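Please look through the sequence and the three-dimensional model below before reading on.

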Amino acid sequence: MSNPENSQLQRTALNAAHRKMGAKMVDFGGWDMPLEYSGILAEHEAVRTRAGIFDVSHMGEIEIRGPRALELVQQVTCNNAAALKDGQAQYSGLMTDAGTFVDDLLVHRISPTHYFLCVNAGNQVGDFEHIDAHNNAIASVENNGGRYSLLAIQGPKAAALLQRFTPVNLDAIQYYHFTFGEVNEVHCMIARTGYTGEDGFEIYFAPQHAERIWDDLIEAGSIEGIIPCGLGARNTLRLEAGMCLYGHEIDEGTTPWEAGLGWICKPEKGEFLGRDLLVQQKAKGIERKLVGFEMLEKRIGRDGYPVEVNGKEVGKVTSGGPAPFLKKNIGMAYVPTALAKEGQEIEVVVRGTKAAARVVKLPFYNRKKSAAS
Amino acid sequence: MIQAEFQGVEMAYPADFLYTKEHEWLQVHGDSGTVGITDYAQHELGDVVFVELPKVGAKIKSRQSFGTVESVKAVSEIYSPVSGEVTAVNEDLSGSPEKINSEPHTGGWLVKLKLADKNELSSLMKAQDYEKYVSEKGQEHSA
């Protein structure tokens, strides 16, 4: 359970470095990944108040190239990639022909003929096959997961830390934009993106440089309390920030409208997979909706627990657990649209006993609001 | 330190405690006993955020669940090493559940019991056996 050296699992270039640091390792979607180093609570707090450094090299990279690359990206995703400029990224959904999620992803436009997709680790093979199946030989599609290491440096001090290692002016990179440049003398794609609800960067580079960049960032950060963080904190941070996780809030049974992701679904851009059904669903109105809730008592509603209203099961918790920074227990769940209003009282069935909870606005945590208050 | 624990080195499991395979400990004082979870258990769980315990006066049975310890990631049932009546619960844990991580064998105790049957003690492991048990588990992991 703790430190399995399972040869079946895939490893990032930093696997040995994580083990050397005493990380607790887990099987995450077929990858042997660090769950935590110093503890999820300490790592979560570091990211909210200082910064944390994550190895997320398990994430997949798919590159689409050619004069008609945009056409293919537009056909398989629901957001409008035509709105992207060079050096800009957008959150999007890879759609089935029913308008549900094959995956969620980041689409980066490197040039008008080169799009770089960052996808979930466990989905990368399926995503690649899905995109390739809809290609019709109009573009080149490559599954390049093995060619990149990916580190996320996240938190209010992330920019200052990373700036010490790069001649690139990081202030000039706006949120959801990226550029190319050297970090620690290694050529990187430097993107101002993340999955924590904080400011931060994700850097993509060739795996042979991973240990040196990782070690140097960790050493430089340690003086300021910037620490390595595992997938445990990554999950509590994204949940607190109200972000969806594939396989929990979104999957092949959910549409962008239901998941509260209408802002990444643009039927007006023209034809794409599932568009007609999504237009129909929007016109008809959705029957269920993803909501955030907070527990009104100390017990913790967790993934998969039933949600009841007036003694009747109305949905299930998609992700639930402690919100370490907010010091509450929170979660997300699908409920019938009529119950998806702020303040709605619900009950989460915690191992056979009901615990009171209330629907609240998403996200639970917003760094801008929190900084203002 | 984490490495050392998994290699079974320098594990400080108090010699006067008895242990279960489910990683609870029992310290016997005459006809009563104190129950907690071991250092190995707290490390496996990670940061403890909530503990649910029975009330004073509750009768609990050996090998049956009498409460839960929840970490950020997981819920773990606590199985009583022995049968008995609860005479005290650790009230500190409702405000400071992290004591289970920082002091698993002392300040992080869960309940005190009046023992129903001292014959049950013979089925529990002594410290050296428990230490061997968890170090073998560690080796299984790294095999």
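## Terms and numbering

Two strands are said to pair if DSSP finds at least two bridges between them, and the strands (E, at least two residues) and helices (H or I, at least four residues) are themselves DSSP runs, numbered from the N terminus. This is a predicted model, in which local features need pLDDT of at least 70 and side-chain atom pairs count only at pLDDT 80 or more, while totals for chains, interfaces and linings use all residues. Residues are numbered from 1 along each chain as its sequence is written, and chains are lettered from A and ligands numbered from 1 in the order in which they are written.

## The open sheet of chain B

Chain B contains five helices and 10 strands. Seven strands form an open sheet with antiparallel pairing, in the order E5-E8-E9-E3-E2-E1-E10. Its edge strands are E5 (59–60) and E10 (125–126), each of which pairs on one side only. Strand E1 (residues 17–19) of chain B is joined to E10(B) by two bridges, and the two run antiparallel; here B:Leu18 has B:Lys126 as its bridge partner.

Of the 143 residues in chain B, 38% are buried, a residue being buried if 20 or more other C-beta atoms, placed from the backbone, lie within 10 Å of its own, exposed if 12 or fewer do, and partly exposed in between. Strand E6 (residues 65–71) of chain B is largely enclosed by the rest of the structure, because five of its seven residues are buried.

E6(B) runs antiparallel to strand E4 (residues 48–52) of chain B, to which four bridges join it, and B:Phe50 stands opposite B:Glu70. Five bridges also join E6(B) to strand E7 (residues 75–79) of chain B, again antiparallel, with B:Val69 partnered by B:Ser76. A hairpin connects E6(B) to E7(B) through three residues.

A:Gly155 lies in the loop between strand E9 (149–154) and helix H5 (158–163) of chain A, and it counts as buried because it has 30 C-beta neighbours inside 10 Å. Leaving aside residues up to four places away in sequence, A:Gly155 touches several residues, including A:Ala46, A:Arg48, A:Glu198 and A:Gly200, where contact requires C-beta atoms, placed from the backbone, within 7 Å.

An automatic or database domain assignment supplies the domain bounds, giving for chain A domain 1 (15–57 + 148–240), domain 2 (60–144) and domain 3 (287–372). The C-alpha centres of domain 2 and domain 3 of chain A are 33 Å apart.

Technical notes
Contact = placed C-beta atoms within 7 Å.
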